[in-house]
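Hi,

Here is the model I promised to pass on.

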Amino acid sequence: MSEMTKQRPKHLALHEIRLPLAGFASILHRVSGAGLFLLLPLLIWLLQLSLGSTQSSAEMFAAVTGNWLVKLILLGLLWAFFHHFCMGIRILLIDVHVGVEKQQAHASAMAVMVISLALTAIFGLKLLGAY
Amino acid sequence: MQRLVVGAGYGLKDWLAQRVTGVVMAVFALIIFAAALGGAMSSREAWQAFMANGFIRFLSFLFIVSLCWHAWVGVRDIWMDYLNSAALRLFLHVMTLLALVGYAGWAIQIIWRL
């Protein structure tokens, strides 16, 4: 036991670790959550502008959301939200012992990646004014 | 002295809180999505009328509280996992908590002013 404890790597070489898809999706759950947290002030500000009663708040909302850099950030947040949402449902299902087996877990991780990217594309095109 | 830092007892509570707040937010997101399909975002006026509805304001409040609670548990986990310096960790825990409490007040004031 003590022998094993000694050999345990103290510092993981992150670039050498090859994660399975479920591990990759799991890390993205954390990344997307962190991104949503960091940009929360932007989202609350947009909510404030969208619900403001004055003409200036309406103009400001249009100007901010019309900015291409803001659009790009919102596109990223859109993906972050959908990934976090889908991954959250996957976690809840695994909590109640649905899809715990290795193959099912791999398939559901793949589903999370594909569905969240597809939803980002659908809503992202709307955001960018494609339709 | 070597200490084993376990048994604070908050683990299960946080785990449950993360699930409950997550479900609250997911349900709210689906309601907003359904409302948008129903035209709640078709114009600025429609959006404001929708958000001013008493029941929606009640749900929005729950959403904001859930979001901040959920973010607190999640972000704190990130600091705990990656930071070795207790001083830095404490500092960021406090900053995260203060930011989230402030965000909650700001967002609640926006929806309850309607």
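Leu40(A), Pro41(A), Ile44(A), Leu47(A), Gln48(A) and Leu51(A) of α3(A) meet Tyr103(B), Trp106(B), Ala107(B) and Ile110(B) of α4(B). A contact here is a pair of residues whose C-beta atoms, placed from the backbone, lie within 7 Å. By class, this helix pair brings together 9 nonpolar residues, 1 polar and no charged. The classes put Ala, Val, Leu, Ile, Met, Phe, Trp, Tyr, Cys and Pro under nonpolar, Asp, Glu, Lys and Arg under charged, and the others, Gly among them, under polar.

Some housekeeping before the rest. This is a predicted model, in which local features need pLDDT of at least 70 and side-chain atom pairs count only at pLDDT 80 or more, while totals for chains, interfaces and linings use all residues. Residues are numbered from 1 along each chain as its sequence is written, and chains are lettered from A and ligands numbered from 1 in the order in which they are written. Helices (H or I, at least four residues) and strands (E, at least two) are DSSP runs, numbered from the N terminus.

Axes are lines fitted to C-alpha atoms, for helices over the stretch in contact, with angles from 0 to 180 degrees between N-to-C directions. The crossing of α3(A) and α4(B) is left-handed, as the term applies when the near helix is turned anticlockwise from the far one by less than a right angle (clockwise would be right-handed).

Now the whole interface. Chain B puts 17 residues into the contact and chain A puts in 16. On the chain B side, α1 (11-37), α2 (44-52), α3 (54-82) and α4 (86-112) each supply at least two residues. That side of chain B divides into 12 nonpolar, 3 polar and 2 charged residues.

Which residues have the most contacts inside the largest nonpolar core? They are Phe81(A), Leu67(B) and Ala71(B), in a core of 26 residues. By definition, such a core is a set of buried Ala, Val, Leu, Ile, Met, Phe, Trp, Tyr and Cys residues joined through C-beta atoms within 7 Å. Two or more residues each come from α2 (21-38), α5 (68-95) and α6 (102-127) of chain A, and from α3 and α4 of chain B. α5(A) has the largest share of this core, with 9 residues.

Two pairings inside the chains are worth a look too. In chain B, the axes of α1(B) and α3(B) come within 9 Å and cross at roughly 140 degrees, so the two helices are oblique to each other. This crossing of α1(B) and α3(B) is left-handed. Among the residues making the contact are Phe28(B) and Ile31(B) of α1(B), and Leu59(B) and Leu62(B) of α3(B). By class, the contact of α1(B) with α3(B) has 11 nonpolar, 5 polar and 1 charged residues.

In chain A, α2(A) and α5(A) have axes within 9 Å that cross at roughly 130 degrees, which makes α2(A) oblique to α5(A). Here, too, the crossing is left-handed. The residues in contact include Gly33(A) and Gly35(A) of α2(A), with Gly76(A) and Phe81(A) of α5(A). The class count for α2(A) with α5(A) is 7 nonpolar, 7 polar and no charged.

Finally, some single residues. Gly88(A) lies in α5 of chain A and counts as buried because it has 20 C-beta neighbours inside 10 Å. The cut-offs are 20 or more other C-beta atoms within 10 Å for buried, 12 or fewer for exposed, and partly exposed in between, with C-beta atoms placed from the backbone. Leaving out residues up to four places away in sequence, Gly88(A) touches Gly22(B) and Ala26(B).

Trp47(B), in α2 of chain B, is partly exposed, with 17 other C-beta atoms within 10 Å. With that sequence exclusion, Trp47(B) touches Ser50(A), Ala40(B) and Met41(B).

His97(A) sits in the loop between α5 and α6 of chain A, with a positive phi near 65 degrees. Most residues other than glycine have a negative phi. His97(A) is exposed, with 8 other C-beta atoms within 10 Å.

Cheers

Conventions
Contact = placed C-beta atoms within 7 Å. Parallel < 35°, antiparallel > 145°, perpendicular 65-115°, else oblique.
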